[in-house]
Amino acid sequence: LDGNFDRPLERIVAETIRAKSIKYVGITVMPGPQLLQAVPLSKMLRKEFPEVKIIWGGYFPSQHTNTVLESGLVDYVIRGQGDVAFPQLIDALEHNKSVDGILSVSYLHGDMPVNNPRGPVLDPSTLPPMPFHLVDVQRYISKSNIGERTSVYQSSVGCPFVCGFCAVAGEYNGRWLAIDADALADELIRQNREW
């Protein structure tokens with residue numbers, strides 16, 4: 001679900017949980033509008049579905065982990081990239097295994113936040129292709145100042161700059177990794193052909 005399109009988000013999430021018996025809800029949270037949506041959504045989840053595990057990731061919980069955990073609204077935080085940590089966390093929860101060794105995962109032990117060591121920054125060239133077949137790509141295509149039908153494709157992680165106002169600087173400290181140029185060209189050609 002995308003909070004930019006799917007409204008009212010709380011009702012859609014509640015209906016989805018009831019219909020599909022969902023046990024985990026992952027929420028990507030950045031400062032600003034996403035945070036303003038994530039807090040009431042998490043409050044609703046905690047009240048109506050106390051058995052559902054709430055997992056936050058993204059810049060805000062990565063940089064304010066203990067505050068997020070101590071709010072009582074979130075069960076787990078994934079700090080930094082979640083490509084490896086998120087499936088490992090779900091696997092551990094599904095099999096009643098400890099989450100102690102999962103890099104980048106934070107949680108409460110009693111009232112105390114536990115922050116496992118951070119995992120390495122993942123090179124985007126080593127990750128599998130984005131599963132665009134799971135997304136209605138058409139709703140993300142729009143008119144912009146560069147054309148009638150444009151979209152955004154993030155092909156790198158981090159940023160080489162350390163601007164004081166930006167959450168990316170706090171996460172990556174000037175480190176920037178881009179997808180291999182040939183793989184990027186292939187992906188952009190595919191997207192242009194398909195959409």
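A residue is called buried when its relative accessible area is under 20%, exposed when over 50%, and partly exposed in between, using a 1.4 Å probe and protein chains only. Ser21 counts as exposed, because its relative accessibility is 59%. Keep that pair of words at hand as we walk through the structure.

What you see is a predicted model, in which local features need pLDDT of at least 70, side-chain atom pairs count only at pLDDT 80 or more, and totals for chains, interfaces and linings use all residues. Residues are numbered from 1 along each chain as its sequence is written, and side-chain values use heavy atoms, leaving out hydrogens and water.

Let us start with the sheet. Helices (H or I, at least four residues) and strands (E, at least two) are DSSP runs, numbered from the N terminus; two strands pair if DSSP finds at least two bridges between them. Five strands form an open sheet in the order E1-E2-E3-E4-E5, with mixed pairing. At its edges lie strand E1 (24-28) and strand E5 (112-115), each pairing on one side only. From one strand to the next, the twist averages 25°. Angles like this run from 0 to 180 degrees between N-to-C directions, with axes fitted to C-alpha atoms, for helices over the stretch in contact.

Within the sheet, strand E2 (residues 53-57) pairs with strand E3 (residues 76-78) in the parallel sense over three bridges. Here Gly57 stands opposite Ile78 in E3. Helix H5 (residues 85-94) packs on the sheet and touches E1, E2, E3 and strand E4 (105-109), with its direction at about 155° to that of E3.

Now for the interior. A nonpolar core is a set of buried Ala, Val, Leu, Ile, Met, Phe, Trp, Tyr and Cys residues joined through side-chain atoms within 4.5 Å. The largest one has 21 residues, and Ile27, Leu45 and Trp56 have the most contacts inside it. At least two residues of this core come from each of H1, E1, helix H2 (33-48), E2 and helix H4 (65-70). Contact means heavy atoms within 4.5 Å; leaving aside neighbours within four places in sequence, Leu45 is in contact with residues including Val13, Ile17 and Ile54.

A few backbone details remain. Arg7 and Pro8 are joined by a cis peptide bond, with omega about -10°, and Pro8 is found in the segment before helix H1 (9-20). Ser21, in the loop between H1 and E1, has a positive phi of about 50° although it is not a glycine. Ser104, in the loop between H5 and E4, has a positive phi near 75°, and Ser104 is buried at 5% relative accessible area.
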